[in-house]
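Please read this report alongside the sequence and the 3D view, turning from one to the other as each part is named.

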Amino acid sequence: MRGSGSRLSAGLIFLLLLMLLVLLFTLDLLLGSTQLEVRDVLLSLFGNGTEHGEIIVMQFRLPKAVTAILAGAGMAVSGLLMQTLFRNPLAGPDVLGVSSGAGLGVALTLLTLSPLLSISPGSVLYGWSMILAAWAGAGAVMVVIMTVAARMRDIMSVLIVGLLLASAISSIVSLLQYFSNETMLKTYVIWTMGNLGNLSYMQIRILTLAVTAGSAMALIMVKPLNALLMGETFSMSVGVNMQRTRILLLATASIMAGSVTAFCGPIAFLGVAVPHITRLVFSSNDHRILMPGAAICGALILLVSDILSTLPGNGLMVPVNTVTSLIGIPVVLWIIAGKKGIGRRF
Amino acid sequence: MRTGTIIAETSDLTIGYKTSGRTNPLLEHLTLTARRGELVALIGRNGTGKSTLLRTMVALQQPLSGIVRISGNDIFTSDRSLLPKVVSFASTEPFAVHNIKVREVVALGRFPYTNWIGTLTSADELSVNEALQATGLLPLSDRNIDAISDGEKQRVLIARSLAQDTELLIMDEPTAYLDLPSRYSIVSLLKKLTREKGKCVIYSTHDLDTAINEADKIWLMSEKGVAEGAPEDLMLSRTIARAFESPLLSFSQTSGSFSFIRKSRGSVTLDATGSLRKLTERALHRCGYKTGQDSAIRIIAVETDGRMEWTLLFENRTECYNSIYELVGHLPVED
């Protein structure tokens, strides 16, 4: 039967993707702006490397690679939830204003609060205040969106409110930027470019918790998500509590995307594009496959972006956001232009 | 056919909307029944509230007052989680996705029975297969929903409802946008399910013709309420005629069909037989002429060796034509 045949091949694809993930994770540890011996890197992981090697691997490359996996998976799953909930191929964490909310939090902190409280850039307090501000911003937007979602009959109005909110927020941020000094402005602009390498192990633990909790929630929602493929009316007619499902999906997506954005800055493009790439790879719309699939694909793509952003062996680093967009957009164009465009896959 | 037990029943039901504290009733005091093994067609003009009634009957919408009972239980007071096991609903809502197989869509009908992640047991697989079989979709079961016709898509929705294994199937306009053969095939499929599987099927439609010919019962909705009965009952009482007739449309009580009311242009005496007569007469009616005896206009239609010829006699002229199209183009206007 073809049904069991395609299930087998989905298993095979998962196996290949996981092997690729291990490979890329290792590559990400081996390659970097500073050249290290392969032996030194591997020994450093187990605490037997040279002092220089251990610092670079344990303090920089390992946390960065782990963050890439977490952030990639979090953004991708978040995007998948949004696309199914809104039944819109262009939905993603960004359109809900979650990213811009986080941006507003950071901008407020950077451009107004930190000069007032004289928190010096680079201090531990400074790092945490940025993260808390981003979280608060993303959370505030989330609360607004959920209040709207609880009242509006039509889910499309929620999408529109999200888009309007995002525009309004970016105007406020522009205003703040206009009145800030050059140093602050540059710090903010750099934050918007995304950075996977700024996290302490403590922060990675928090991010792990957020992404794991979000993924677990998403897994519980797999059945109603599959019903949603047939529309909200059908879902309700087979017993899905639509109000509760909407709120849970929005909360899950916001917690994941909000946390990733708080710790790593707004990671462009992943949330929208990875779900499409996953549908293409597995040729399925079953969320039991798509959910773990999107997590792995998101992690893979961000690992590749991270490897490329360090421009191996060059001593230079470019912002990861530029890389995700530059490698991602051609991929999406290729998919759209291909025989079976995104519209057909969705 | 013996009368089955009542599956769906509304009593003193008022449907409508509540907007900002004010109630906005569409229809009041609806008391209707549908029985096991019955095909019920809900007809009525646009905007009378057909969808609202159907949505209220599956608890997607609160009634303003009154009771809906399905399989004996009041759906608004009994355990809501049991409802998907007694009634299925297929709306006109478009699919959110294209990339999904026929079998996967039908399998979603098992939603009320599967575990938290939607795993199909062998019993579920069996139900899905039976539903595909009954709707004739087995050969298409591995096709993408995008790669089948609109009529087949409707079959998929029916199969999905069947897989849900409910006594009552409610469908909102299952024949909308379909061509004539597909409409008949969908309605005859629904009828087959009532006969062979004992289902009770309630469907709304604008296709009066099929409804009158196939349904066991009609729920006829108008601004005044919903009248129910066998199609012929509603024809006899002229309820259908009253609901749909307009200055331009008249309803024939015995044939159950509508015809346009046209301005009379005169009368014609027709000499012809068989289908040649019937079709020529039809064309004359379409152009506003009556057929009668001893009229000033006379038409003789004959068929010789497979060739047809119409001769038009009027005043002193005699003209011959080779088609009805040419004939009606030259008919004189009688003052």
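The structure shown is a predicted model. In it, 31 residues of chain A are in contact with 29 residues of chain B, and the two chains bury about 2800 Å² between them, with 58% of that area on carbon and sulfur atoms. Across this interface the rule finds zero salt bridges, while eight residue pairs, with both residues at pLDDT 80 or more, are in polar contact between chain A and chain B.

On the side of chain A that touches chain B, at least two residues are supplied by each of helix H8 (201-220), helix H9 (222-228), helix H10 (232-237) and helix H15 (342-345) of chain A. The largest share of that side comes from H9(A), which gives six residues.

By the rule used here, the count comes to two cavities of 30 Å³ or more, and the largest cavity has a volume of about 60 Å³. Its lining draws on both chains: Met230(A), Thr233(A) and Phe234(A) take part, together with Phe89(B), Ala90(B), Ser91(B), Glu93(B), Phe95(B), Leu157(B) and Arg160(B). The elements that give two or more residues to this lining are H10 of chain A and, from chain B, strand S6 (87-90) and helix H4 (150-163).

Over all chains the structure holds 13 salt bridges. One of them is formed by Arg36(B) with Glu167(B), whose closest N and O atoms are 2.9 Å apart. Arg36(B) lies in the loop between strand S2 (22-35) and strand S3 (39-44) of chain B, whereas Glu167(B) lies in the loop between H4 and strand S7 (168-171) of chain B, so the pair ties together parts that are 131 residues apart in sequence.

Note on methods
Residues are numbered from 1 along each chain as its sequence is written. Chains are lettered from A and ligands numbered from 1 in the order in which they are written. This is a predicted model: local features need pLDDT of at least 70, side-chain atom pairs count only at pLDDT 80 or more; totals for chains, interfaces and linings use all residues. Side-chain values use heavy atoms; hydrogens and water are left out. Contact means heavy atoms within 4.5 Å. Buried area is the accessible area (1.4 Å probe) that two parts lose on being put together, summed over both. A salt bridge is a side-chain nitrogen of Lys or Arg within 4 Å of a carboxyl oxygen of Asp or Glu. A polar contact is a pair of N or O atoms within 3.5 Å; within protein, one must be able to donate a hydrogen and the other to accept it, and residues adjacent in sequence count only if both atoms are side-chain atoms. Helices (H or I, at least four residues) and strands (E, at least two) are DSSP runs, numbered from the N terminus. On a 1 Å grid over the protein atoms alone, a cavity is a set of points where a 1.4 Å probe fits but cannot get out, and a pocket is an open set with protein on both sides within 12 Å along at least five of seven lines; lining residues have an atom within 4 Å of a point. Grid points are joined across faces, edges and corners, and a volume is the space filled by probe spheres set on the points.
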